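Colleague: I'm new to this one, could you walk me through how its pieces pack together?
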Amino acid sequence: MQDTDRDLLPEGLGDRLPAQARAAQHVRRVGHDVLASHGYARVEPPLLEFEKSLASRMAGVQARRMFRFVDPASLRLLALRSDITAQVARMAATSLATAPRPLRLSYSGPVSTIKGDGLDPARERLQLGAELVGTDTVAAAAEIVELAIETLASAGATGISVDFTLPDLVDTLSAGPLPLDAAQIEKVREMLDAKDAGGLVDVGGEGYLPLLYAVGPFESAIAQLESFQAGGALDSRIEGLRAIAARVGGKARLTLDPSERHGFEYQSWFGFTIYAEGISGSLGRGGTYQILGQAGEEPEAATGFSLYPDPLIGALAATSDEPQKLFLPLGYDVQVAAQQRAVGWITLAALSDSDDPRALGCSHVLEGREAVAL
């Protein structure tokens, strides 16, 4: 009986063929070059960790989305990472606990989840990001937004736009000028996420209706938010948003949706989502959050961003040209070939008389000491 499924991959997983792998390498290389130039030191956490460590370092991390299994060595529950941010948070709180603050770290690598997100069936993605640990200021948030824009632009994204949000907005208002009981808070959040004015009134959140109109291009939306009667509870946040916008304005199109919560499970007062022209869906998000410290220690503030550039990688792979290759015939001069590689050629050496340079994708052939076009 023929084995018909031995070459299949699980749902949501796929190979990167040469063009995609080349584009992915480019995105990671130029992204880390940008991050390093701004003082962000690269770290590389392991693919697997104890589930307890991954799930407990930051509020909002969803362990149920991770692949989990028992480690035969320790007999403890392991998890395949779904978010590198939590791993960097662990490093900052343990191995790098005594490093000077603010601590700037960068990372990249694959992450995996049990199921895809919304309409995206992918269960493995590349995550590339940076974390600024030990400070919770407007200046730190502005640096992170600016850095996310520069990182994406360097990778080839164009028409970048950034959507700001205030993840703790309902918590702030419900504890002050617009009180809600515990049961109402989650319902109000759901209605704000759905942009459902009628539903908002039905759950007792009519005082939150103006937030539905503080959405859109940054200047008009922030003006709407400023006119919202919140008893001064949002003044510092509005001031912070304006300061961040002033710093990054001109580098990206800015919008505001203050009540947006999707994807901001562990962010605190500030969050943002980043997009690019011609790319469906978002390319990443970031914001401020808290790292849970060692036992008995206070949480530590941090700001960061995570990019998920797979859609950009696909677009780059589809439009990029195959790199030119130089065919080295049998008996070629090894030193000449090395010189050609030193000036940028990709060389492909013949292994037999039957090797066809054109079929192998070569544009030139080495004749003596010169590269001659085919």
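Modeller: Helices H1 and H4 are oblique to each other, where oblique is what remains once angles under 35 degrees count as roughly parallel, over 145 as roughly antiparallel and 65 to 115 as roughly perpendicular. This is a predicted model, in which local features need pLDDT of at least 70, side-chain atom pairs count only at pLDDT 80 or more, and totals for chains, interfaces and linings use all residues. Residues are numbered from 1 along each chain as its sequence is written, and side-chain values use heavy atoms, leaving out hydrogens and water.

Colleague: What angle do H1 and H4 pack at, and how far apart are their axes?
Modeller: H1 (residues 18-37) and H4 (residues 138-155) pack at about 140 degrees, with their axes 8 Å apart; axes are lines fitted to C-alpha atoms, for helices over the stretch in contact, and angles run from 0 to 180 degrees between N-to-C directions. Helices are DSSP runs of H or I with at least four residues, strands are runs of E with at least two, and both are numbered from the N terminus.

Colleague: Which residues meet there?
Modeller: Among them, His26 and Val27 in H1 meet residues in H4 that include Leu147 and Glu150, contact meaning heavy atoms within 4.5 Å.

Colleague: Switching to the sheet, what is the strand order?
Modeller: The open sheet has 9 strands in the order E1-E5-E6-E12-E11-E10-E7-E9-E8, with mixed pairing; two strands pair if DSSP finds at least two bridges between them.

Colleague: Which strands stand at the edges?
Modeller: E1 (41-42) and E8 (216-217) do, each with a single partner strand, so one side of each has no neighbour in the sheet. E8 runs antiparallel to E9 (residues 253-256), joined by 2 bridges, and Pro217 stands opposite Thr255 in E9.
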